[in-house]
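I opened the notebook to go through this model one topic at a time. The entries below follow the order in which I looked things up.

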Amino acid sequence: MKGYLSIRETSYKWGVSERRVNQYVTEGRIPGVERFGRSWAIPENAKKPEDPRRGNHLLKK
């Protein structure tokens, strides 16, 4: 589908596992995602969601 990537293609692009991309999708952390049958279509220009765990160590002193 033009303009969209699969879970697998997105995982390669972002350098994360397919499972992690699937979690982002089911948590609603990627805007513009479409469901086609049993597959997800992720917009090509979608940005990788930030990891909420990153940077927390900087706040604690």
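**Strand pairing.** I began with strand β1 (residues 4-5) and found that two bridges join it to strand β3 (residues 39-43), the two running antiparallel. I keep in mind throughout that this is a predicted model. Looking for the residue opposite Tyr4, I found Pro43 in β3. I then turned to strand β2 (residues 34-36), which pairs with β3 over three bridges, again in the antiparallel sense. Within that pairing I noted Phe36, whose bridge partner in β3 is Ser39. The hairpin of β2 and β3 has two residues between the strands, and there I recorded a positive phi near 65 degrees for Gly37.

**Sheet order.** Putting the pairs together, I wrote down an open sheet of three strands in the order β1-β3-β2, with antiparallel pairing. Because β1 and β2 stand at the edges, each with a single partner strand, one side of each is left without a neighbour in the sheet.

**Helix α1 and Ser11.** I next looked up Ser11, which has its place in helix α1 (residues 7-14).

**Helix α2.** Moving on to helix α2 (residues 18-26), I marked Val21, Tyr24 and Val25 as buried. Seen down the axis of α2, the buried residues fall within an arc of 100 degrees, so I describe them as lining one face of the helix. On the other side of α2 I found Arg19 and Thr26 exposed. When I asked what covers the buried residues of α2, the answer included α1 and β3. After α2 comes Gly28, for which I noted a positive phi near 75 degrees.

**Nonpolar core.** I then searched for the largest nonpolar core and found ten residues in it: Ile7, Trp14, Val16, Val21, Tyr24, Val25, Ile30, Val33, Ile42 and Ala46. Both α1 and α2 supply at least two residues each to this core, and α2 gives the most, with three residues. As a reminder to myself, nonpolar side chains in soluble globular proteins tend to be buried together. I followed up one member, Ile7, and, not counting residues up to four places away in sequence, listed its contacts as Glu18, Val21, Asn22, Val25, Trp40 and Ile42.

**Salt bridges.** How many salt bridges does the structure hold? I counted two. In one of them Arg8 pairs with Glu18, and the closest N and O atoms are 3.1 Å apart. This pair links distant parts of the chain, with Arg8 in helix α1 and Glu18 in helix α2, ten residues apart. I checked the accessibility of both partners: Arg8 counts as partly exposed at 47%, and Glu18 is partly exposed with a relative accessible area of 34%. Arg29 forms a salt bridge with Glu27, for which I recorded 3.5 Å between the closest N and O atoms.

Terms used. Residues are numbered from 1 along each chain as its sequence is written. This is a predicted model: local features need pLDDT of at least 70, side-chain atom pairs count only at pLDDT 80 or more; totals for chains, interfaces and linings use all residues. Side-chain values use heavy atoms; hydrogens and water are left out. Two strands pair if DSSP finds at least two bridges between them. Helices (H or I, at least four residues) and strands (E, at least two) are DSSP runs, numbered from the N terminus. Buried means under 20% relative accessible area, exposed over 50%, partly exposed in between (1.4 Å probe, protein chains only). The arc is that of the directions from the helix axis to the C-beta atoms. Contact means heavy atoms within 4.5 Å. A nonpolar core is a set of buried Ala, Val, Leu, Ile, Met, Phe, Trp, Tyr and Cys residues joined through side-chain atoms within 4.5 Å. A salt bridge is a side-chain nitrogen of Lys or Arg within 4 Å of a carboxyl oxygen of Asp or Glu.
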